[in-house]
Amino acid sequence: MCSSCTNLQKKMVSLGCSAFLILAAITLGVLWPSMSEKVLHDKLVVKPGSSNYENWIRTPIPMFLEIYLFNWTNADQLSNRSVKPNFVEVGPYTFSELHERVNLVWNDNGTVTFQQRRTWHFVPELSKGSLDDVITNLNVITLNTAYLMRNSNWMIKDGVNVVLNTHGSLMWKNKPVRQLLFDGVEDPLLDLLKTLNVTGLNIPFDKFGWFVGRNLSETFDGSFTMRTGADGLQNTGFLTQWNGSPRTGMYSGRCGEVYGTSGELWPANKVTPTNITLFPSDICRSITLQASEEVSLYDVRGTKYVGDERVFDNGTKYPEASCWCNADSSHCPDLKPGLFNASACKYGSPTFVSYPHFYLADESYRSSLDGMHPNRTEHEFYMAIEPTTGIPLDVRAQLQINEHLQNLKGIGFFENVPDLMVPMLWFRQRATLTQELAEQAKLALALPSLGIYVATFFGSVGVFMAAIFLYVSIKKWSTVTEMIPYEELGQ
């Protein structure tokens with residue numbers, strides 16, 4: 001301690017140190033909860049320099065888009081009603097996927113408005129097949145042309161028939177995968193659709209492909225306004241507007257509202273929520289997932305949320321889902337469970353969304369054709385989230401795109417076809433937490449307890465030092481007392 005100090009000074013220093021440690025422990029124990037909450041808030045609020053901002057502005061987790069297409073192997077027998085249409089799944093064709101937020105505008109109400117740029121690159125080593133593989137399936141452009149003209153007068157339909165007979169075909173035969181996905185299929189019918197004065201029709205591309213015009217686009221997904229968490233971490237990531245409006249303009253009631261997160265940034269919750277909601281702009285609507293089970297990745301525990309049959313019900317089993325039906329109320333529900341009418345989102349085309357292979361959908365969608373093999377392991381839509389920090393642990397977002405083949409009176413190509421939901425493709429967007437980000441998550445989770453552990457350590461050392469000081473003092477006092485001769489006590 002100090003060799004030149006007197007015994008009294010040594011005692012005072014020792015007693016002072018123990019008192020200081022005990023006081024520091026009490027102060028830290030009292031103040032740490034609010035201090036750690038402030039530190040956590042600064043890390044999780046979306047603002048330049050924060051951890052959440054860095055993880056949101058450019059996705060740090062490796063993401064992949066896996067695309068499976070359906071090849072119609074007996075399309076030439078469509079007119080034979082005794083032969084079921086047969087579809088064979090091909091793929092996956094795997095692309096790396098990167099999300100970047102651009103054109104940020106920070107608003108005064110604790111929100112930020114932004115656009116997102118998505119970039120895809122083909123990854124041959126993770127794919128099963130080549131982009132030069134060929135696919136036979138419905139000619140989507142011919143189908144859309146006929147469908148959009150289905151309610152026209154007979155003169156227009158006659159003109160449509162002439163054009164379809166000249167330029168159209170019921171099937172696309174042996175089209176390369178690269179054209180069906182990103183490169184696009186050129187078709188004069190697209191030019192016709194763009195010149196026709198069809199209400200609500202605004203086709204922004206010159207070629208058709210499921211992902212045409214999307215790679216590196218900053219505008220395709222629209223603009224988003226999102227809460228940053230400045231007004232509370234429980235609000236982090238929630239969207240308040242899409243394309244400048246709190247409503248999509250496509251559905252009634254709650255179904256038409258913009259709510260949920262973009263799927264990559266989630267709010268911090270002290271209590272694990274029973275469900276979570278994301279807003280995939282690809283289908284212009286929200287999807288609510290239900291809590292399922294506890295999972296662990298790199299020793300980070302979280303909750304797995306899954307898409308159940310409620311997601312694609314339009315009032316058949318769940319009355320609250322009736323607002324997804326766009327038909328007249330007297331005709332709702334207008335679909336059997338398991339299918340969502342996305343026409344309002346896809347320029348009025350007869351496009352319908354389901355889980356892959358019609359998983360959890362009405363049996364009739366599968367029984368009308370061959371080749372569907374739904375199972376939970378492969379086709380369940382789920383996200384695993386660590387609720388305290390809102391960090392996604394594991395994501396498998398997967399949906400199937402279907403086109404409705406149906407009898408269209410007055411349109412020659414479609415007057416004698418079966419009523420069929422034709423599977424075109426399904427895709428899986430997957431991302432898994434890296435070990436580096438898992439360590440960051442564990443540090444954030446340990447932060448509230450860290451100060452308590454330090455306070456406990458300081459307090460224990462202080463109490464131990466005080467106990468030693470008292471013990472030595474009492475022992476020394478007792479020893480001095482015992483050394484006084486008895487006879488001297490009587491004098």
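The charged end of Lys-304 sits over the ring of Tyr-382, 4.4 Å from the ring centre. Here, "over a ring" asks for NZ of Lys or CZ of Arg within 6 Å of the ring centre and within 35 degrees of the ring normal. This is a predicted model, where local features need pLDDT of at least 70, side-chain atom pairs count only at pLDDT 80 or more, and totals for chains, interfaces and linings use all residues. Residues are numbered from 1 along each chain as its sequence is written, and side-chain values use heavy atoms, with hydrogens and water left out.

**Charge over a ring**
- Arg-285 has its charged end over the ring of Trp-324, 3.8 Å from the centre.
- Trp-324 also belongs to an aromatic cluster, together with Tyr-251, Phe-312, Phe-340, Tyr-355 and Tyr-359.

**Aromatic pairs**
- You can find 21 aromatic pairs in the structure; rings of Phe, Tyr and Trp (its six-membered ring) pair if their centres lie within 6.5 Å, with planes under 30 degrees apart counted as stacked, over 60 as edge-to-face and the rest as tilted.
- One of them joins Trp-56 and Phe-114 edge-to-face, 5.0 Å centre to centre with 90° between the planes.
- Phe-182 and Phe-211 make a stacked pair, 5.2 Å centre to centre with 25° between the planes.

- Phe-182 counts as buried at 19% relative accessibility, and Phe-211 counts as buried at 8%.

Terms used
Buried means under 20% relative accessible area, exposed over 50%, partly exposed in between (1.4 Å probe, protein chains only).
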